[in-house]
Amino acid sequence: MSELLTPTFILILIFSTIRTATPLIFAALGGLFSERSGVINIALEGLMLAGAFTAAVVTYELNDPYIGFLAGLLAGAALGFVYAVAVIKFEADQVVAGFAISFLMIGLPAVISARIYDSAGSTQQIAKEFLLPDFYNRINVASILAFLLVPVCWYVLYKTPFGLRLRAVGENPAAADAAGVSVIRLRYMAVIISGILAAAGGAYLSIGQSSLFTRAMTAGRGYIALAALILAKWKPVPVLFACLFFGFTEALSIQLQGVIKMPSGEDIPVQFIQMIPYLLTIIVLAGFIGLSRAPKALGIPYRKES
Amino acid sequence: MNIFREVLWPLVAVLAAFVVGGLIVVLIGDNPFVVFYQLVGNSFGSLNDIGYTLFIATPLIFTGLAVAVAFRCGLLNIGAEGQLYVAAFVAAWVGIKFGGAVVDVFGKQEDWSWVSLPAVVLVPLCIIASVAAGAFWGAIPGYLKARFGSHEVINTIMLNFIGVALVSYFTQYYYKVAGDPIMQTVEIGPAARIPRISQFIPGMPDFVPLSVAFLLALLMCFLVYVFLWKTKWGYEMRAVGENASAAEYGGISVKKQIILAMTISGGLAGMVAIGEVLGYRYRYYDGFSDGWGFLGIAVALLGRNHPLGIIIAAIFFAVLKRGEIFVDIETRYVSKDLVVVLQAIIILFVASLQKYTRR
């Protein structure tokens, strides 16, 4: 084990953690806005996929990752709006509707890419020079954006009138309403922001970390981001650390592949390595959920008393 | 109970989904009427077609029931997929170990079993094992919810990934013939096989994989109905789903009901293994499920979480699933994933129209 703790290995692990945490940070910050306004966001997974798919297609077609990235955000906003209409206007069960959005994004990208690229499984490979660039071959520009967004979100949430209203709507919508805040409008905005941020995480996956979109490529990251949000008690700065923690476990599992051996001297089977982030999510959730308090109005549709 | 209203809103949701789906088809550049004809027009033309449609409906009835039982207790079980994978592997394992499975390894006959039980013991044993395995995999998120309050949706999704990885590990390292390029276990012993319906119906080709598991699925619908509406436990479970705090106040243990509901739900999902492993493939096959665990959510919602509705909804989705392949072949641009899109839209619409049904 001691030969693992070389400076190179630790450095690789740190950069790898930053990479794997990036999509989680985007998505969890997205979930933060939605859930602090009182709307559960199981749809994060689908919103990420919308961003990932759109960014991959637009980047491939236009050879510009920044336009592709923005297009991904737009797709996230649009899908976030659809989700918002379902749960705010029609008061659909938020967990069920969120799942439907995520499920939709398994099928819809496949239908579209089957039509335009004749391949339902994935989009076309993007050339390396048209991907979101890495600085010094190590840190992706999107990772920097994700880290910068943490203080920005903190500022918006705690230091602006918008943030104050948002939190009020999530804790006590009736009181916020009485104070003249439009609960419905604020929730729409929060869910759409949520869609944009989650989509940014997805776009990073397809045009930053990878170079194409593959079916269901988020592999549960939307749900892991949700677990990170709960672990972080719905607060922006702890969200960063929670995501770094989950990112670290994923990075560790990747880096350990083929490095550490079982007592018998054989490689640890890949299946067990793959399980680590999922297993840890369950354990962390069970261990910490009691300590964290959800926004009071989370999951409850708001209907004005008349 | 207003039957008209019970049926009306699901129908509206389906129609609306087809309208939206039709628009997508138009945007893609195909004729929606041709696509929809291919989707629904190939399911009941012959005994062969009917057999296949009901064969696909079988796992959907099980997973639909599984999701519905959890729903009635106020829980969303997205973990049916993982539960049925674990159950299918365990069913195959029992079928191999207790079924006298003899395996051809590079021309050499090897006995991989411990004992060779007769069918009359072996089949029930396989069934019990698969139900127990599914129930166990469902009980975990139930326990986690009851004990720690952690959300069952996140936990069931995580357990899907874990379950699939776990059985894939056992398959790859212990129950696969070395060198077999396909990730599948060896075949179960012949005594573990259950009869196919084609044996009883003259004119149905014997390659149609519809088995007696379908009849079991119908039986389970009846039993779930009796459980939910005619027993004290079922009453308490529904009370928790209607209003957990009121149920708690009324002396019902919410925690016990949550664990029980998830256990039953997992067991029902596990029954998918019966038709798939004992009645069709005769082995565990990695990736055998066509998203049935997730489809169960659509089936339960469309079927209004009622066993009778679930049978109808399962057959409806089976029709779409059967049509999938014809859409792929017979239309120019639309791929079979359109069915996934339709399912998702139906779920979204049913959920969105829910508030109108309560008036």
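Predicted model: local features only at pLDDT ≥ 70, side-chain atom pairs only at ≥ 80, totals over all residues.
**Chain A**

Begin by selecting chain A and colouring it by secondary structure, which brings out 11 helices and 2 strands. Followed from the N terminus, the elements run α-α-α-α-β-β-α-α-α-α-α-α-α. The radius of gyration of chain A is 20 Å, close to the 19 Å that the globule rule gives for 306 residues, so chain A is as compact as a globular protein of that length. Buried residues account for 52% of the 306 residues in chain A, and, among the contacts with a separation of 6 or more, 78% join residues 24 or more positions apart.

**Chain B**

Select chain B next, where there are 14 helices and 2 strands. Its radius of gyration is 21 Å, close to the 21 Å given by the globule rule for 359 residues, and chain B is therefore as compact as a globular protein of that length. The C-alpha trace of chain B spans about 65 × 60 × 35 Å along its principal axes, and 58% of the 359 residues in this chain are buried.

Within chain B, pick out helix α13, residues 307-330, which has 24 residues and reaches 34 Å from its first C-alpha to its last, close to the 34 Å expected at 1.5 Å a residue.

**Where the chains meet**

Now show both chains together and select the residues at their interface: 39 residues of chain B are in contact with 38 residues of chain A. On the side of chain B that touches chain A, at least two residues each come from α1 (3-28), α5 (119-148), α6 (152-174), α12 (292-302) and α14 (338-357). Coloured by class, that side of chain B shows 29 nonpolar, 8 polar and 2 charged residues.

**The nonpolar core**

Finally, turn to the largest nonpolar core, which has 234 residues and includes, among those with the most contacts inside it, A:Ala28, A:Ala100 and A:Ala228 from chain A, together with B:Leu65, B:Ala88, B:Ala91 and B:Ile347 from chain B. To end the tour, select B:Ala91 and, leaving aside its neighbours within four places in sequence, display the residues in contact with it, which are B:Cys126, B:Ala129, B:Ser130, B:Ala273, B:Val277 and B:Leu278.

Definitions and conventions
Residues numbered from 1 in each chain as written. Chains lettered and ligands numbered in written order. Contact = placed C-beta atoms within 7 Å. Helix = DSSP H or I, 4+ residues; strand = E, 2+ residues; numbered from the N terminus. Nonpolar A, V, L, I, M, F, W, Y, C, P; charged D, E, K, R; others polar. Rg over C-alpha atoms; globule rule 2.2 N^0.38 Å. Buried ≥ 20, exposed ≤ 12 C-beta atoms within 10 Å, placed from the backbone. Core = buried A, V, L, I, M, F, W, Y, C linked by C-beta atoms within 7 Å. Expected span 1.5 Å × (residues − 1).
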